[in-house]
Amino acid sequence: MPTSVTPVQESVDGPQNAARESLRSLDSRRKALEAEASAIVDELMAVPDEGGNPMGVDTPLTDGDGYPRNDIDVYRARVLRQRLNEIRTDHKAMMKQIETGLVKAAAFSRTSAEEKGKEREARVASKPKPKFDPITGKWVTMNWDGTVAGVEGGDQRNFGHLEAPPISASAPGATAAAVDAQEDEGNLVPFAVVDTVFPHSPASAAGLHEGDLIVKFGAATHLNHDDLKLLAQIVPEAAGNRKEIQIQILRRRTVNHAHDAAHNVEAGVREELTVDVLPGPWGGRGLLGCHIKGYSDTPDREEPS
């Protein structure tokens, strides 16, 4: 018989797993920030092809007479330096978060060890006498964690309250909700739109276009994107792990009036496409090189053309 999971064990494992997952996410974002910072420093310190001095990380952007240097792109240097300062600030805050997370993880490890000790004591402790189960019509015994042994679904029942139905049976609407969610997930429901794609960026290289409607972004869908917060988490994690993000989109077909009229093709019809984007540092800001905003197909909101 498989070992059941007790509420006490779940109360420890749930937060502990969440803390570990949070640390993994923070570490991936840390790696992405460090990679972006490294790319910026390399560009700032690169010697121009025609020779001369690099833009520099903190060197003056003016010449000896106080005029802007004419041997570099001063605007580009300022943009890169500003972004580098932002990364350093974010990185410092993130390291504090990681430090706090490590402390929590260590505390959970100590708690887990204590709970395992309590479990061992409960397993070797004497058990109460068997009872008659009115639901199954069988005599049953108690597991070490207080659940029912010897009957199907006993891990969802309390030996002290055999007359009570299994826990899973107390929420009949849960299964229906899960089915509805699966059916809803099968529909192509856009939740975001690409409204800007910068040239020479990872998004551009992958083939994203302005006006593409996003149906799925990695694991994010219209059901769970949380106001696009999940996207903001997926991108740095993928960049830190050097993994591509699969994006499912709806794109308006190129209009061909002669063909469409002859074949009764609906105006503005969109086709389903999938692109794989590898986020990472490039010549501009961010890791994708595009701007994504929320999208809702409602009458009071104009769809980008």
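**Entry 1: layout**

I started by counting elements: the protein has 6 helices and 8 strands. This is a predicted model, so I keep that in mind throughout. Reading from the N terminus, I wrote the order down as α-α-β-β-β-α-β-α-β-α-β-α-β-β.

Next I looked up burial. The protein has 305 residues, and 32% of them count as buried. The exposed surface comes to about 19100 Å², with carbon and sulfur atoms supplying 52% of it.

I also checked how far along the chain the contacts reach. Taking contacts between residues at least 6 apart in sequence, I find that 60% join residues at least 24 apart.

**Entry 2: the largest pocket**

A reminder to myself on the approach: rolling a probe the size of a water molecule over the atoms shows where empty space is left.

How much space lies in the largest pocket? I get about 590 Å³. Its lining is made of 21 residues, and those closest to the centre are Ala-232, Val-235, Pro-236, Gly-286 and Leu-287. I then asked which elements give two or more residues to that lining, and noted α1 (7-45), α2 (74-124), α5 (229-241) and β8 (290-294).

Sorting the lining by class, I count 15 nonpolar, 2 polar and 4 charged residues.

**Entry 3: Ser-28**

Is Ser-28 buried or exposed? Its relative accessible area is 9%, so Ser-28 is buried, the cut-off being under 20%.

What does Ser-28 touch, leaving out residues up to four places away in sequence? I listed Pro-236, Glu-237, Gly-240 and Asn-241. One of these, Pro-236, is already in my notes as a residue closest to the centre of the largest pocket. With Asn-241 there is also a polar contact, side chain to side chain, at 3.5 Å.

**Entry 4: Arg-20**

I stayed in helix α1 for Arg-20. Its relative accessibility is 42%, so I put Arg-20 down as partly exposed. I also looked up a pair here: Arg-20 and Lys-104 are 84 residues apart in sequence, while their C-alpha atoms are 9.3 Å apart in space.

**Entry 5: His-161**

Where is His-161? I found it in the loop between β3 (148-149) and α3 (172-185). With a relative accessible area of 44%, His-161 is partly exposed. I noted its separation from Thr-147 as well: 14 residues in sequence and 9.7 Å in space, C-alpha to C-alpha.

Last stop, backbone angles. Most residues other than glycine have a negative phi, and most peptide bonds are trans.

I placed Asp-226 in the loop between β5 (213-217) and α5. Asp-227 is found in the loop between β5 and α5 too.

Which accessibility class does each one fall in? Asp-226 has 47% relative accessibility, so I log it as partly exposed. Asp-227 has 64%, and therefore counts as exposed, for which the cut-off is over 50%.

Technical notes: Residues numbered from 1 in each chain as written. Predicted model: local features only at pLDDT ≥ 70, side-chain atom pairs only at ≥ 80, totals over all residues. Heavy atoms only, no water. 1 Å grid on protein atoms, 1.4 Å probe; cavity = no way out; pocket = protein on both sides within 12 Å on 5 of 7 lines; lining within 4 Å. Points joined across faces, edges and corners; volume = space filled by probe spheres on them. Helix = DSSP H or I, 4+ residues; strand = E, 2+ residues; numbered from the N terminus. Nonpolar A, V, L, I, M, F, W, Y, C, P; charged D, E, K, R; others polar. Buried < 20%, exposed > 50% of the residue type's maximum accessible area, 1.4 Å probe, protein only. Polar contact = N/O pair within 3.5 Å; in protein donor to acceptor, adjacent residues only side chain to side chain. Contact = heavy atoms within 4.5 Å. Areas by Shrake-Rupley, 256 points an atom, 1.4 Å probe, with all protein chains shown as cover.
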